[in-house]
There are 2 protein chains.
Amino acid sequence: MTLTLSGNAPATDALPPVERRAVLPAGFRAGGAVAGIKASGRPDLVLIASTDGPAAAAAVFTPNAFAAAPVRRSRQNLAATSDDARGGFGFAAAVVSTSGCANAATGAAGDADQDAVGGFVSDALGIDETKILHLSTGVIGTRLPLDKVAAGIAALAPTLTADDAAFAAAAEALRTTDSVTKAASATLVLPAPDGEPVPVTVSGIAKGVGMIHPNMATMLSVVLTDAPVAPEVLWGLLRPAAARTWDQLSVDGDTSTNDTVFVLASGAAGAAPVAAGSHAAAALGRAIEAVARDLARQQAADGEGAATLITTVVRGAADDADARAVARAVVSSSLVKAAAHGRDPNWGRIAGAVGNAVTASAAVLEAAGLSTAEAAARAGQAASVDPDRLHIAIAGFPVFDGTAGGPLPFDRDAAREAMTAPELVIELDLGLGDGTGEAFGCDLTEQYVIENSEYTT
Amino acid sequence: MTLTLSGNAPATDALPPVERRAVLPAGFRAGGAVAGIKASGRPDLVLIASTDGPAAAAAVFTPNAFAAAPVRRSRQNLAATSDDARGGFGFAAAVVSTSGCANAATGAAGDADQDAVGGFVSDALGIDETKILHLSTGVIGTRLPLDKVAAGIAALAPTLTADDAAFAAAAEALRTTDSVTKAASATLVLPAPDGEPVPVTVSGIAKGVGMIHPNMATMLSVVLTDAPVAPEVLWGLLRPAAARTWDQLSVDGDTSTNDTVFVLASGAAGAAPVAAGSHAAAALGRAIEAVARDLARQQAADGEGAATLITTVVRGAADDADARAVARAVVSSSLVKAAAHGRDPNWGRIAGAVGNAVTASAAVLEAAGLSTAEAAARAGQAASVDPDRLHIAIAGFPVFDGTAGGPLPFDRDAAREAMTAPELVIELDLGLGDGTGEAFGCDLTEQYVIENSEYTT
């Protein structure tokens, strides 16, 4: 299925088009299998390996203070393979993911379990344990069934394949309670060392956000590319892309202990090395952002109990950080989400949410490109908004114009009808500057409450 | 009805007991009436007046950038009667409240309407317009029916009475969709100028948080006392009390454009003036906090669609600000709220919410007593938490102890049974210091979604 990006992308530089399927870039093998972690017997084990030495790797992790064992192990491994003590980038030769058990809140025993998983992968693929990145998702507070994981890895490792079907199988095994498999791919052209154009692929798979069974949360994604790029440069492309996409995704405001995005670059496309600040880096960054944005939209649309994808597009903000903060506040508002469910063109709730918008945390602002000092100064402060300059459109209907006294007359029945579409677009112009941003969420339904109030066991 | 405060108040200095009824302190008259703003024909107009010259007044207002006309008018009036340019304190001789129309997002016309309301009150009571404080709640984006409001004020003003029943009538007229009238009173003893003990009353009425009809949000409260206290001293008592109580109240994470708390002090009790920093000020502050806390608990229990009051008590935090941030994160988590509804002792969601806790905005931290510089530095930063030191108890059942490896065995059926009580207490010990705090919320129910997804009109 090919997705046609709608005209609501506020980025000045248009992002490249995206195809919603898993396309395995050159330089990787992949596979998914049933290890038996999930009681359902569905695929629950993912392995991805680089075929020609370690790949450059960059990551963003959950800000949750109770990060799970696989998150901490991955950070440590990235730090061990680079000079980045924060664990944001380094080198990796394999990614392993287990679904059904989060290995979170399991203490020192959980750390030892995760290290054992690394040992299984190391034995099966013949690579150093520090070159392995870890993912997991599932129930919090339960231990990994190590015997099953060991057998699963030993059986899966020899079957890893360098084709799209294998990457699709990995996407399938990444799922927990997702209703659909999530994948997105973009292509770009980079110069080879001799200047000839070389096709390059960026392709990602993802799971979440679905918490249909209690404790089964977590947003995970693995993005692969055959572009040749150093870890730190790759990290420099991932962070702002994630700030504009995954950081703008909200299903219910809860951030999992396990959220992780990995980007691995094999360099196998044969292009010239992508230097920081170059046109090639900008093009690669846009492709990574396009994939990230589409995966985030797929995740929002598949949110718990969701019937409608809500996209909020903000223009005219004092700066991009304010635009993103306002967009995030709107898609995160329980009242806006409930109104979307009821097909209610309720601009009062949108205006209220705009008025409550605060800018992001210092970490998010830094990721988006602000200096540490700027980020600290801005963190948690209210975004600049002015009701007398605000313009609101719901599903294409202008409903509020602060420059014209406020509420606008509009055809409520037609607006309600337009709100029955699978995607609801809320457009805001703050009338203050050139800042743009968007955010992705979903409606709040009775089904969300029903699914999340069921008893754990 | 007398409320017995349960043992979950973490304050080191125990708060005085509270009675859940409106007790009009000396020096005030009050009343409520039907002006016809509400289509239902229920009481929708409140007037409260001081009987012996302007009272000292202090206020806290919504941080929403789209503050409604009555909020802006009240700020301006307080600023006009004191040297406090922020509009936090001053003098007031009357409070007027209209229910059914928020007069929010109404632009310059709405400001003019609110000024007309001030004119009606000024004419009816013979007091200066700058000495009038304004409240309103109701539908956003509609205009006040000035003819009805004028007639209502003219009819109500001559009937204002200095007795408890009149204050109870005001509480009744303050309601919009609240299922019960909310009032709380505390008493204390202060020294008269000659040293003899004098009884002093602190009594408050409140509305919200109920958004049973779309756009009918808003938390409003008026607290009256006959203590003699200067406006700035009163404000210094109100702000930390509000930071520990109303700022810790969450029903759905949305903050109204109209939220307002006024405290008025007539001085009519005959006690000696309460000086800043004195024992008398501390006693008065505790009484104000006790009233504020109980009103906040009544508001949480009456949240939209709510069946259960959720109280989170945090001990052992690095400081009180962290404790409050963690408590607020837990009661604000949609997943925790849904689990409470399902009587699910789901400690994984609580741990996840703790890990996501960030400290409050700079404004809240300043209100709680930090310096401006300290507040700016702390704003939006993550609270200090450590999973290996965390202890969680749900409804009295210890379920997680990080110092003992994590999950604890417990009787799930007994815990579920305990969770059927009208109040669910979640107790956390962070194991890091002496900081304490609490927060109040309610469960997330299908009824919340149903009520809030109904069409506006």
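**Figure 1. The loop between S7 and H2 of chain B, with B:Ala105.** B:Ala105 lies in this loop and has phi near 55°, a positive value in a residue other than glycine. Helices (H or I, at least four residues) and strands (E, at least two) are DSSP runs, numbered from the N terminus. Most residues other than glycine have a negative phi. B:Ala105 is buried, with 25 other C-beta atoms within 10 Å; a residue is buried if 20 or more other C-beta atoms lie within 10 Å of its own, exposed if 12 or fewer, and partly exposed in between, the C-beta atoms being placed from the backbone. The model is predicted: local features need pLDDT of at least 70 and side-chain atom pairs count only at pLDDT 80 or more, whereas totals for chains, interfaces and linings use all residues. Residues are numbered from 1 along each chain as its sequence is written, and chains are lettered from A and ligands numbered from 1 in the order in which they are written.

**Figure 2. A:Asn103 in the loop between strand S7 (94–101) and helix H2 (107–125) of chain A.** A:Asn103 is not a glycine, yet its phi is positive, at about 50°. With 29 other C-beta atoms within 10 Å, A:Asn103 is buried.

**Figure 3. The four-stranded open sheet of chain B, in the order S3-S4-S7-S8.** Pairing in this sheet is mixed; two strands pair if DSSP finds at least two bridges between them. Strand S3 (28–33) and strand S8 (132–139) of chain B are the edges; each has a single partner strand, so one side of each lacks a neighbour in the sheet. On average, neighbouring strands are turned by 10° against each other, direction ignored; axes are lines fitted to C-alpha atoms, for helices over the stretch in contact, and angles run from 0 to 180 degrees between N-to-C directions. S3(B) runs antiparallel to strand S4 (residues 45–50) of chain B, joined to it by six bridges. One pairing links B:Phe28 to its bridge partner B:Ser50 in S4(B). Helix H3 (residues 146–156) of chain B packs on the sheet, touching S3, S4 and strand S7 (94–101) of chain B, with its direction at about 45° to that of S4(B). Helix H4 (residues 164–174) of chain B also touches S3, S4 and S7 of chain B, and its direction makes about 45° with that of S3(B). Two residues are in contact if their C-beta atoms, placed from the backbone, lie within 7 Å.

**Figure 4. B:Gly152 in helix H3 of chain B, and B:Asp163 in the loop between H3 and H4 of chain B.** B:Gly152 is buried, with 24 other C-beta atoms within 10 Å. Not counting residues up to four places away in sequence, B:Gly152 touches B:Ala33, B:Ala35 and B:Leu45. B:Asp163 counts as exposed, with 12 C-beta neighbours inside 10 Å. B:Asp163 and B:Ala30 are 133 residues apart in sequence and 7.8 Å apart in space, C-alpha to C-alpha. For B:Gly152 and B:Ala186, the separation is 34 residues in sequence and 31 Å in space, C-alpha to C-alpha.

**Figure 5. Strand S5 (residues 55–61) of chain B paired with S6(B).** The two strands pair in the antiparallel sense over four bridges, and B:Ala55 stands opposite B:Ala92 in S6(B). From strand S6 (residues 89–92) of chain B, B:Phe89 and B:Phe91 point one way and B:Gly90 and B:Ala92 the other way; all are buried.

**Figure 6. The six-stranded open sheet of chain B, in the order S16-S15-S14-S17-S13-S18.** The pairing is mixed, and the edge strands, S16 and strand S18 (435–442) of chain B, each pair on one side only. Two bridges join strand S15 (residues 397–401) of chain B to S16(B) in an antiparallel arrangement; B:Asp401 has B:Gly406 as its bridge partner in S16(B). Helix H6 (residues 279–301) of chain B lies across strand S13 (309–317) and S18 of chain B, at about 35° to S18(B). H9(B) lies across strand S14 (391–394), S15 and strand S17 (423–429) of chain B, at about 130° to S14(B).

**Figure 7. The contact between chain B and chain A.** Each chain contributes 57 residues. On the side of chain B that touches chain A, two or more residues come from each of helix H2 (107–125), helix H8 (334–341), helix H9 (347–355), strand S16 (406–407) and helix H13 (446–452) of chain B. H9(B) gives the largest share of that side, six residues. The residues of that side of chain B divide into 24 nonpolar, 27 polar and six charged; Ala, Val, Leu, Ile, Met, Phe, Trp, Tyr, Cys and Pro count as nonpolar, Asp, Glu, Lys and Arg as charged, and the others, Gly among them, as polar.
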